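Please open the model in your viewer and keep a selection tool at hand. The tour below moves from one selection to the next and says what is found at each stop.

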Amino acid sequence: MLAVKRSSNLIQGCMCTQVGQSCSHLLFRQERSTGATGPPPAMPQQDSAPLTGGLCAQGPPNSAYSSNAAPAITQTDSRDKWSKKMDFLLSVIGFAVDLGNVWRFPYICYQNGGGAFLIPYILMAIFGGVPLFYMELALGQFHRTGAISIWKHICPIFKGTGFAICIIALYVSFYYNTIIAWALFYFYSSFTSDLPWTNCNNPWNTENCTNYFVKGNVNWTNYSRSPAEEFYTRNVLEIQNSSGLRNIGGIRWQLTLCLFLIFTIVYFSLWKGVKTSGKVVWVTATLPYVVLLILLIRGATLPGAWRGVVFYLKPKWEKLLETSVWVDAAAQIFFSLGPGFGVLLALSSYNPFTNNCYRDAIVTSLVNCLTSFVSGFVIFTVLGYMAQKRGVNVEDVARDKGPSLLFITYPEAIANMMGSTFFAIIFFMMMITLGLDSTFGGLEAIITAVMDEYPDYLTHRRELLVLGLVVVCFMGSLSTLTNGGAYVVKLLEEFGVGCSIIAVGFLEAIAVSWFYGIRRFSNDIKAMLGYTPGLFWKVCWVAISPAFLAYIIISSLLNPQPLTLFDYKYPDWSITVGYIIGASSFMWIPVYMVYKLVWTPGSLKQVRNINENKNKNKNGTY
């Protein structure tokens, strides 16, 4: 009986958010009708009052005005705002356009049918990625709060989702910034007339090192290793001093110094809020496009470039019949646009209430997808050039996907171009700026979420919070700076994010569309933009987008891929550790639900009364 009484509060908490209109929403619409201007008043805090009410404030369901309601977002009036609209747009674009656009999309595209892959990719973007992207921007802008406290206004029992988002963002910071540190190591090493990965005469080289760019015929075998590959594995990573995850070796002081410099830049970019980060992105978000254009022009002039372009775009229509191609398209667009990470909620929460978030969603999504497409030309013109030099097929050039494409294949091609030092410097500068933008967004999601959840303690202590967060991220990254750090990076990338963030996005879509109510959410958008979203968006939010995420989750669980890096196969125990890492973030969702059920009073009779009032009140919607 106790369990039944407790479970009624979940229903009541979510119904109250649907049946009763928010004060902010109703008052703002009244102001619009009377010609008044100005931002909407603060919204009522739905779970601030103890329930004879349950998870909602006391009063009948249609009682939107309550004299006892405390403002949910007490810091709204003093909340930071973007100095310019472009600060926001560049921040969103900088977050969405990251290293994955350069290494992941080209690889997945040619692996899944070349030009034919663009069909599932575009369809998944239209019906899955962009609607979720738009949803998060609208939620953050309307409620003006971060990933934790926003659930007070949507459905309080899902608040654990916000904590899960923050933990996942921490895991990302533990490995993603190490990849940027690798790029910084390369950047420093590029300031020389002869790049150190151009020949086999270095202390770290082995007898397998083969430089096929020298004159004469070179016999390339399965045991051959290019100078660029040995520079990456044996000098940057020093992976030869690690036997795997059981013995990851010591910490590389050079990489530690690089990571320290990266986090120093991150701290001074975020410590004052969007006022400072909004200025930094004018450099970090625009520079990559200048560099991409330069590299695209240079790549197009290389001999054999056409071979790479043909391989990149030549459609293999039979691939469209394979389920894995559609799964890869769905996963790529989800991770590329980044809904579910809490970043879009945080960044849009600093927008004016009437900002056109619909236009922002369309523009930034298009920029993101077009950047991925153009990056493919930048990569494959070079792969075609290398294939011609080696005398092999294009698909034989890049044996490893992911970071290896950026740290082995592309540097190898750059090293043998005229003006190699210049191209190496700007390429790795582009990688650093691409990575920094995403780090800014990921950490801002944590900062905004925590500050909005505890405003009384942290509103005037942002600098200390950012410092503490940066220190935690740096300490958490130490295992990735070891000789076997690349193995740890791969493990965190696969399990620390992976299915966990997709499941979080799925629950977020369900909570907003089915518990908060699609009609109420549409009315929120109408309050901001002056018009209601069309039928297409509503159908996507209610059915198609959740199905899109469920499809990725189920496919990933049914068809797990073996985890390997270079010649190392991850042992079974490490896979178990990976699942534990993934569960350590997602577990807070059911944990908080149980906590809320146990500690929130209520009864089935109250739920029945709410349902009766709901039927009488036509303003209550699902």
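Why does Arg144 count as buried? Its relative accessible area is 9%, and buried means under 20% relative accessible area, with exposed over 50% and partly exposed in between, computed with a 1.4 Å probe on protein chains only.

Before going further, note that this is a predicted model, in which local features need pLDDT of at least 70 and side-chain atom pairs count only at pLDDT 80 or more, while totals for chains, interfaces and linings use all residues. Residues are numbered from 1 along each chain as its sequence is written, and side-chain values use heavy atoms, with hydrogens and water left out.

**Two loop residues with positive phi**

Stay on Arg144, which is located in the loop between helix H5 (118–143) and helix H6 (151–154); helices here are DSSP runs of H or I with at least four residues, numbered from the N terminus. Although Arg144 is not a glycine, its phi is positive, at about 50°. Next select Glu238, in the loop between helix H8 (227–236) and helix H9 (253–270), where phi is again positive in a residue other than glycine, near 55°. Glu238 counts as partly exposed, because its relative accessibility is 22%.

Move to helix H13 (residues 323–337) and pick Gln332, which is buried with a relative accessible area of 2%. If you leave aside its neighbours within four places in sequence, Gln332 is in contact (heavy atoms within 4.5 Å) with Arg104, Phe105, Ile108 and Tyr121.

Then go to Lys538 in helix H21 (residues 535–558), a residue that counts as partly exposed at 27% relative accessibility. With neighbours within four places in sequence again set aside, Lys538 is in contact with Ile518, Ser522, Thr532 and Pro533.

**Rings and charges**

Now display the aromatic side chains. Rings of Phe, Tyr and Trp (its six-membered ring) pair if their centres lie within 6.5 Å, and planes under 30 degrees apart count as stacked, over 60 as edge-to-face and the rest as tilted. By this rule there are 51 aromatic pairs. One of them joins Trp151 and Phe158, a tilted pair at 6.1 Å centre to centre with 35° between the planes, and both residues are buried. For a cluster linked by ring pairs, select Trp182, Phe185, Tyr186, Trp197, Trp204, Phe231, Tyr232, Phe407, Tyr410, Phe427, Phe428 and Phe566.

A charge sits over a ring if NZ of Lys or CZ of Arg is within 6 Å of the ring centre and within 35 degrees of the ring normal. Look at Arg79, which lies over the face of Tyr350 at 4.6 Å from the ring centre, and at Lys272, whose charged end sits over the ring of Trp271, 4.8 Å from its centre.

Which helix gives the most to the lining of the second largest cavity? The answer is H17, with four residues.
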